[in-house]
Amino acid sequence: MMRLIKKLLLRTVAVLIIILLNQHIVMGTTTPTPYQNPLRPPATNSPRATLSGFMRNMNEAYQLIQEAEEQSKKEGGLWHSRAVKEKGQKAEWALRRAVDTLNLVDIPPISRQDIGTEYALMLKEVLDRLKLPKGNNIPSRKDVEQEDLKRWEIPGTEIAIMLVEEGFNVNEFLFSPETVKRIRNFYQLTEKVPYYESNSWKTSPEFYNFYITTPGYLLPPKWNSWLPKWTSKLIRGQTIWQWFSLGVISSMLFFSILGVAFLLRQYINTTNEQKKAWLGLLLPTFTLWVGETWELLMDKSINITGQLLDNLLKLSTVIQGGVLAWLAFMVFNAIASTIISNMPADNKSLEAIIARNGIRILGVMAALTVFYTTSKQIGVAVGPIIASFGISSIAIGLGVKPYIENIVGGLTLFVNRPMNIGDFCELGGVTGTVEDIGLRSTLIRTVDRKLIYVPNTVVSTSQIVNHSQRDKHTFDTIISLSYDSIHERLAETMENLRVMLAQHPKLSEERISLDNLSNEVIDIDLFTYILTKDSDESIQIQEEILLKINEVLDLMGVEVVAISFRE
């Protein structure tokens with residue numbers, strides 16, 4: 001779905017540019033007659049109908065292009081006239097009907113139209129050089145029904161027309177996939193053989209060479225006549241001017257991406273995370289547009305052909321697929337940033353983590369979807385790759401299981417919510433402040449400032465002590481006093497300490513008792529609850545209590561031997 005939306009948006013702009021620069025063939029505004037109908041399929045109900053239709057449509061396309069070229073030269077000017085464009089369009093429709101007689105099931109979808117056009121032109125070159133049987137010697141529909149015929153080969157060749165028994169073209173006779181695969185080899189073997197002019201079908205001399213050495217699709221734009229002849233020399237399947245144009249256009253578009261990236265870094269300075277996330281969509285969107293423009297210019301304007309075109313289309317699809325996955329992730333990230341920025345401040349931390357990690361999961365899903373779609377477009381069989389996971393279950397169990405367990409552990413933390421970012425916790429044998437909760441691990445900053453990554457599977461299965469979620473803190477102290485200084489005023493000292501604790505507004509359930517009594521030291525156990533959840537405030541109140549204790553003991557003239565805290 002994302003790819004279709006991208007195609008609709010990006011092709012519109014790119015095609016308009018191409019039309020202005022290269023004077024491509026455009027649709028006529030006249031109401032099409034039955035002869036002009038581009039949807040009229042070729043007759044393919046028998047080998048005779050298929051071969052006849054292929055040859056007739058190829059000759060029609062060739063004749064129309066020749067007439068259009070001659071008429072355009074006579075008319076002069078910088079642009080093709082409407083009549084010339086209409087002939088070019090009729091030629092295109094005829095060529096497409098010829099392509100429809102080829103079974104292109106084994107050709108990757110991304111290059112099926114272009115490869116199909118080239119193969120049709122090469123096949124016509126091959127057939128024009130062979131002695132073909134007369135029409136009444138080729139099996140007709142009646143012969144097919146009587147003989148239950150499913151395959152027919154052109155005599156003396158391995159070029160086969162075969163019945164399609166399943167799929168979109170079921171019950172049609174098409175040039176077989178094996179024949180399609182070998183068309184280029186057939187062309188190379190017969191390229192130097194002279195044309196055979198005695199067939200009942202006319203020849204279309206150098207039609208294929210005309211196609212691969214001129215710009216545009218079939219009907220070249222007028223500027224083609226301005227190219228020096230030496231630039232039409234073929235080097236590894238492409239002309240000199242095509243190699244040069246490909247290099248110039250590729251460089252310009254590549255540096256335009258770098259330029260936009262530089263400008264965005266220089267002029268988009270904001271600390272607003274929501275705004276920054278949405279502005280982050282600009283670069284991948286522009287990159288997609290550039291990639292689509294490059295593909296259209298390379299394919300339809302420069303008219304790169306052959307294996308180079310196939311490779312470049314695959315490369316373009318892979319790059320655009322990666323950028324599309326990047327864009328999808330950035331869209332989800334922008335949505336998450338918007339949601340997080342509108343959350344209440346007191347309820348933002350864990351929800352932000354959930355939103356952020358949800359984005360990561362959606363990003364992975366988007367990447368996998370793009371990977372699957374892109375793989376199908378370039379002709380990579382994804383099914384066997386997926387099936388191999390079933391065969392490699394042991395490897396998955398050993399290698400992927402820990403990752404799955406960590407992700408499940410992370411989701412468990414999100415659901416149960418035992419802690420938040422900033423909480424001081426003990427978990428998995430580690431004590432410190434929680435700095436992040438990811439899909440695979442939880443980050444703990446210890447008291448000595450070490451950063452420890454604890455796997456979520458450990459966190460979810462271990463005891464978690466969350467000190468930050470106390471409803472109140474405890475103050476449990478043993479004060480060791482000198483016997484000589486207190487034994488005569490022990491009761492009064494303990495009562496003064498009770499009064500001091502009772503007067504503090506942040507304390508409750510005060511308890512003072514004798515813990516140990518000897519002729520040298522008297523230990524007093526002082527316990528109370530500090531009414532606060534905040535650790536920092538608790539420490540501050542503990543300091544206040546100790547100072548008050550010190551004041552009371554000083555007034556009583558009591559000597560303190562030691563003070564110790566119970567854990």
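Accessible areas here come from the Shrake-Rupley method with a 1.4 Å probe, and for residues only the protein chains shown count as cover. By that method the accessible surface of the protein comes to about 30900 Å², with 59% of it belonging to carbon and sulfur atoms. This is a predicted model: local features need pLDDT of at least 70, side-chain atom pairs count only at pLDDT 80 or more, and totals for chains, interfaces and linings use all residues. Residues are numbered from 1 along each chain as its sequence is written, and side-chain values use heavy atoms, leaving out hydrogens and water.

**Overall make-up**
- The protein holds 19 helices and 14 strands (DSSP runs numbered from the N terminus: helices are H or I, at least four residues; strands are E, at least two).
- Of the 567 residues in the protein, 43% are buried (under 20% relative accessible area; exposed is over 50%, partly exposed in between).
- Among contacts (heavy atoms within 4.5 Å) with a separation of 6 or more, 69% join residues 24 or more positions apart.

**Helices α4 and α6**
- Helix α4 (residues 112–127) packs with helix α6 (residues 177–190) at an angle of about 45°, their axes 9 Å apart.
- The axes are lines fitted to C-alpha atoms over the stretch in contact, and angles run from 0 to 180 degrees between N-to-C directions.
- α4 and α6 are therefore oblique to each other (under 35 degrees is roughly parallel, over 145 roughly antiparallel, 65 to 115 roughly perpendicular, the rest oblique).
- From α4, the contact is made by Glu118, Tyr119, Met122, Leu123, Glu125 and Val126.
- From α6 come Val180, Ile183, Arg184, Phe186, Tyr187 and Thr190.
- The residues of this contact divide into eight nonpolar, one polar and three charged (nonpolar: Ala, Val, Leu, Ile, Met, Phe, Trp, Tyr, Cys and Pro; charged: Asp, Glu, Lys and Arg; polar: the others, Gly among them).

**Pro133**
- Pro133 is in the loop between α4 and α5 (141–147).
- Pro133 counts as buried, because its relative accessibility is 15%.
- Leaving aside residues up to four places away in sequence, Pro133 touches Ile138, Trp152, Ile154, Pro155 and Trp201.
- Pro133 and Ser200 are 67 residues apart along the chain, yet their C-alpha atoms are separated by 8.8 Å.

**Positive phi outside glycine**
- Asp148 is not a glycine, but has a positive phi of about 50°.
- Asp148 sits in the loop between α5 and β1 (151–153), and is exposed at 59% relative accessible area.
- Arg236, also a residue other than glycine, has a positive phi near 50°.
- Arg236 lies in the loop between β4 (234–235) and β5 (238–239), and is exposed at 78% relative accessible area.

Note on methods
Buried < 20%, exposed > 50% of the residue type's maximum accessible area, 1.4 Å probe, protein only.
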